[in-house]
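Work through the exercises below with the sequence and the 3D structure in view. Each task is followed by a solution in steps.

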Amino acid sequence: MPEGNDHRDVRGDVRAQIREFLSTRRARISPEQAGLPVYGGDRRRVPGLRRSEVASLAGISPEYMTKLERGNATGVSDSVIDGLAHALQLDEAERAHLEDLLRTAGTTRPPRRRPARQRVRPTVQRILDSLTLAPAFVLNGRLDILAANDLGVALYSPIYADPARPANNARFVFLDPNATEFFRDYDKVANDTVALLRAEAGRDPYDRELTDLIGQLSTRSEEFRRRWAAHNVRIHTSGIKLLHHPLVGDLDLPFESFPLPADPSQSLLTYTPEPGSPTQDALSLLASWDATANGLYLAHSTGGAEHGVPSPKAD
């Protein structure tokens, strides 16, 4: 996905992605894992399962499997997708990604796209602001940070240090050298970030801004290119993020991500520390520091908002 190419063959790109996705899923499964017999003289030229073995497990012909891997996806039935999901041992996110790719490749004309909502509704911003004890954000599928509450801005101050707006998690992870210190589990975060972008690219391959972001990251980051080539996808709605904040140190932050149904491209991300934990104490200290810093700013300001001083809370 080259950056700045305004004349992409999107369906051609998607066909290539189908081929690469299916071949990488085949490569990770051994015959033993698939329950197939292995004979001593069976010399394999490819890692994992052969195309014919996947076809047999999926209940389709080898010729049809070859057709699919070439990206010819017109009229693929649910039963075929079920068979492939079973044969390739796809999880929920991988199956959804395959369906997205097949749908786009099998469509004769591009859909009419409505621009994704980039503004956060006032009611959602009020929800963010009401969460005074938990960092909270609104993100879109490109991992742009569209809005945050005060504690969220303070927590993500290393990400907001980049003057580009909207702030973007993926740019920070792969293009900012401070990311490896901020994320104590950097490898996991990097893998998850790419998996989320890969899934979003499957859902909306006509998103120009997403394509440009992927092009930028591919051009400037070997770490991104290597992970992108793995074609991994993931549903990432809960877990624990391990951070090292430059002011308050190590933080172990359980998180939940909630889709916003009225704004399909947006989700609400919240971090909720364990009550009485060192992380909660550190966040309380960060909140106190942030309130003091804001108070000093207001005391010395001659009217920040009126004079065009930008706020990172909502871009």
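**Exercise 1.** State which residues W228 touches, leaving out those up to four places away in sequence, and whether W228 is buried or exposed.

Solution. Step 1: with contact taken as heavy atoms within 4.5 Å, W228 touches V194, L197, R198, A201 and I214. Step 2: W228 has a relative accessible area of 12%. Buried means under 20% relative accessible area, exposed over 50%, and partly exposed in between, with a 1.4 Å probe and protein chains only. W228 is therefore buried. Step 3: W228 lies in helix α13 (residues 222-228); helices are DSSP runs of H or I with at least four residues, numbered from the N terminus.

The model is predicted: local features need pLDDT of at least 70 and side-chain atom pairs pLDDT 80 or more, while totals for chains, interfaces and linings use all residues. Residues are numbered from 1 along each chain as its sequence is written, and side-chain values use heavy atoms, without hydrogens and water.

**Exercise 2.** Describe the largest nonpolar core.

Solution. Step 1: such a core is a set of buried Ala, Val, Leu, Ile, Met, Phe, Trp, Tyr and Cys residues joined through side-chain atoms within 4.5 Å. Step 2: the largest has 42 residues, and F137, L155, Y156, F183 and L197 have the most contacts inside it. Step 3: helix α11 (residues 186-203) gives the most to this core, namely 6 residues. Step 4: a second, separate core has 29 residues, including I29, L49, A55 and A58.

**Exercise 3.** List contacts of F137 beyond its neighbours within four places in sequence.

Solution. Among them are L128, I145, L155, Y156, L268 and Y271.

Note on methods. Helix = DSSP H or I, 4+ residues; strand = E, 2+ residues; numbered from the N terminus.
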